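Subject: Structure for your review

Dear colleague,

Please find below the structure that I am handing over to you.

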2 protein chains.
Amino acid sequence: MHDLSRLSVHTMTTKPWGLEDACRHFAEAGIPAITVWRQAIAPLGVKRAAEVVKASGLRVTALCRGGFFPALDGAGRQKALDDNRQAIDEAAAIGAPSVVLVCGAVPGLSQAECRKHIADGIAAVLPHARACGVRLSIEPLHPQYAADRSAVTTMAQARRLCQQLNAAGRADVGIAADVYHIWWDDQVEAEIAEAGRLGILHAFHVCDWKVQQSDVLNDRGLMGEGVIDIKHLRACVDAAGFTGDIEVEVFSNTHWATDQHQYLQKIIAAYRAHV
Amino acid sequence: MHDLSRLSVHTMTTKPWGLEDACRHFAEAGIPAITVWRQAIAPLGVKRAAEVVKASGLRVTALCRGGFFPALDGAGRQKALDDNRQAIDEAAAIGAPSVVLVCGAVPGLSQAECRKHIADGIAAVLPHARACGVRLSIEPLHPQYAADRSAVTTMAQARRLCQQLNAAGRADVGIAADVYHIWWDDQVEAEIAEAGRLGILHAFHVCDWKVQQSDVLNDRGLMGEGVIDIKHLRACVDAAGFTGDIEVEVFSNTHWATDQHQYLQKIIAAYRAHV
């Protein structure tokens with residue numbers, strides 16, 4: 001039973017709550033940190049959202065999310081760049097040190113084309129991120145999302161992208177490692193260690209992989225409800241020198257349909273038991 | 001529009017047909033080769049199945065499938081070994097030069113444990129395969145199946161397993177590369193080339209990845225119905241020196257519900273247009 005000092009919960013995990021409720025209830029439950037999704041900022045506007053977060057006393061782990069760089073035409077790609085710069089501005093405004101990137105993919109483009117749009121897109125917004133003091137955290141996604149959500153699917157691929165994009169000695173571009181997306185990979189241990197060595201392990205997300213999933217997006221398990229050896233991956237990030245927040249990011253129609261106060265207690269219990 | 005001289009169709013692709021119907025209708029349609037699933041052998045028995053296949057004049061590309069080595073206890077693992085030896089015997093009986101391995105995974109075992117059971121299992125049955133003149137073809141499966149079907153998920157991992165298991169200069173253990181399982185991997189081109197260089201590229205399976213899938217197992221697309229750049233991967237295996245049959249393996253509740261004669265013509269048209 002470890003303490004909660006490094007626990008962070010994503011607003012999306014308790015999606016039925018708006019930002020104000022999430023901040024209040026997280027703080028009341030003894031959770032010290034929050035990762036804020038843009039969907040939670042939008043109804044309030046960024047100025048009010050920043051006030052709410054600041055008043056809560058919660059530490060802001062990250063902003064979710066930028067990315068989705070690939071597009072079928074130049075206008076779409078430009079729109080993505082504009083949107084990512086706005087995400088960076090929002091991160092700076094709410095005090096988030098990083099923006100998580102779900103890099104994107106579009107049916108109709110090859111994986112190679114998507115990867116080029118992603119590398120070019122991150123390179124294009126990186127100067128703005130640096131100017132704002134905000135890091136960019138590439139989240140490799142499970143290959144089941146390769147067609148329409150992310151053409152970056154492995155830790156190794158994300159690491160190579162970081163190495164390509166970072167100026168020498170910098171870690172402005174790093175990796176958000178989510179157990180849901182990377183647990184199956186026989187290189188995951190080696191790549192977590194390498195990311196640690198390179199100083200690019202920005203973030204660690206936990207949830208679980210249910211063998212039977214009713215929905216490809218929104219049937220993730222709370223830690224302990226699936227097959228991932230989370231403690232093993234936690235030990236890997238510990239050994240890699242990771243000391244940041246441990247973020248609970250669960251998309252679950254099932255859990256969203258329950259009382260969110262009781263669910264928050266389950267999250268805390270699952271964190272203590274399985275992370 | 002290329003000819004059909006390398007086209008092979010899996011019995012599972014036209015599942016509503018038994019082995020006798022599949023053999024007759026494939027041959028009538030000008031398809032020269034077949035990959036036989038054990039489910040199609042079982043109702044006839046292996047002796048009669050071998051007669052049916054031989055009488056059809058079809059070339060036998062492979063037997064599907066062995067594998068599923070991991071188990072929660074020793075009895076389960078032994079049962080898997082016995083079953084794989086029987087699959088090898090069936091392959092030899094019907095004139096299949098190889099057995100495709102879906103290596104297996106079991107919720108409750110870690111990926112590392114599953115991988116050990118797999119490596120040990122293949123090593124245990126390999127002498128029998130060699131004695132029977134049958135090759136073993138590891139099929140890396142898409143990571144969406146890592147929990148319960150295969151803890152071997154990438155071409156690179158399969159290649160390392162082959163290198164570990166093959167005696168020097170041998171290619172008794174090789175890879176069955178299925179576009180559905182490997183298309184998302186940014187290392188797929190390099191690994192196809194490396195498999196070719198090592199002489200371990202045993203097989204090439206085609207179908208397609210639909211972005212929206214109604215079923216995690218049985219909603220695969222016919223070539224052209226999804227997002228995979230099959231011609232690109234075909235060019236990769238060509239460049240790697242692969243000259244074997246090109247196997248159409250589609251699991252589809254949708255297509256199985258249609259007239260299988262019309263479907264077979266669609267398969268041929270899709271092969272000509274998209275492979």
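I begin with a single residue. Phe68(A) is buried, as 23 other C-beta atoms lie within 10 Å; a residue counts as buried if 20 or more other C-beta atoms lie within 10 Å of its own, as exposed if 12 or fewer do, and as partly exposed in between, with C-beta atoms placed from the backbone. Please note that this is a predicted model, in which local features need pLDDT of at least 70 and side-chain atom pairs count only at pLDDT 80 or more, while totals for chains, interfaces and linings use all residues. Residues are numbered from 1 along each chain as its sequence is written, and chains are lettered from A and ligands numbered from 1 in the order in which they are written.

Backbone features

Phe68(A) is found in the loop between strand 3 and helix 4 (74–94) of chain A. Helices (H or I, at least four residues) and strands (E, at least two) are DSSP runs, numbered from the N terminus. The phi angle of Phe68(A) is near 50°, a positive value in a residue other than glycine. In chain B, Phe68(B) also has phi near 50°, lies in the loop between strand 3 and helix 4 (74–94) of that chain, and is buried with 23 other C-beta atoms within 10 Å.

A cis peptide bond, with omega near 0°, runs from Cys64(A) to Arg65(A). Arg65(A) belongs to strand 3 (residues 59–67) of chain A. In chain B, the bond joining Cys64(B) and Arg65(B) is cis, with omega about 0°, and Arg65(B) lies in strand 3 (residues 59–67) of chain B.

How many residues of chain B are in contact with chain A? There are 18 such residues in chain B, and they meet 18 residues of chain A. Two residues are in contact if their C-beta atoms, placed from the backbone, lie within 7 Å. By class, the side of chain B that touches chain A has 8 nonpolar, 6 polar and 4 charged residues. In this classification Ala, Val, Leu, Ile, Met, Phe, Trp, Tyr, Cys and Pro count as nonpolar, Asp, Glu, Lys and Arg as charged, and the others, Gly among them, as polar.

Chain B is superposed on chain A by a rotation of 180° with 0.0 Å of shift along its axis (RMSD 0.0 Å). That is the relation of a two-fold axis. The superposition is by least squares on the C-alpha atoms of residues with pLDDT of at least 70 in both copies. Of the interface residues of chain B, 100% are also interface residues in chain A, so the copies meet through the same surface.

Core and helix packing

The largest nonpolar core has 194 residues, and those with the most contacts inside it are Val36(A), Ile138(A), Val36(B) and Ile138(B). A nonpolar core is a set of buried Ala, Val, Leu, Ile, Met, Phe, Trp, Tyr and Cys residues joined through C-beta atoms within 7 Å. Leaving aside neighbours within four places in sequence, the contacts of Val36(A) include Thr11(A), Leu19(A), Val53(A) and Ile94(A).

In chain B, helix 1 (residues 19–28) and helix 3 (residues 46–56) pack at an angle of about 10°, with their axes 9 Å apart. Axes are lines fitted to C-alpha atoms, for helices over the stretch in contact, and angles run from 0 to 180 degrees between N-to-C directions. Helix 1 and helix 3 of chain B are therefore roughly parallel to each other, a term for angles under 35 degrees. Among the residues of helix 1 that meet helix 3 are Leu19(B) and Cys23(B), and those of helix 3 include Val52(B) and Val53(B). By class, this contact of helix 1 with helix 3 in chain B has 6 nonpolar, 1 polar and 2 charged residues.

Further residues in chain A

Gln260(A) is in helix 11 (residues 260–274) of chain A and is partly exposed, with 19 C-beta neighbours inside 10 Å. Not counting residues up to four places away in sequence, Gln260(A) touches Thr14(A), Pro16(A) and Trp17(A). Its C-alpha atom is 9.6 Å from that of Thr13(A), 247 residues apart along the chain.

With kind regards

Key:
Angles under 35 degrees count as roughly parallel, over 145 as roughly antiparallel, 65 to 115 as roughly perpendicular and the rest as oblique.
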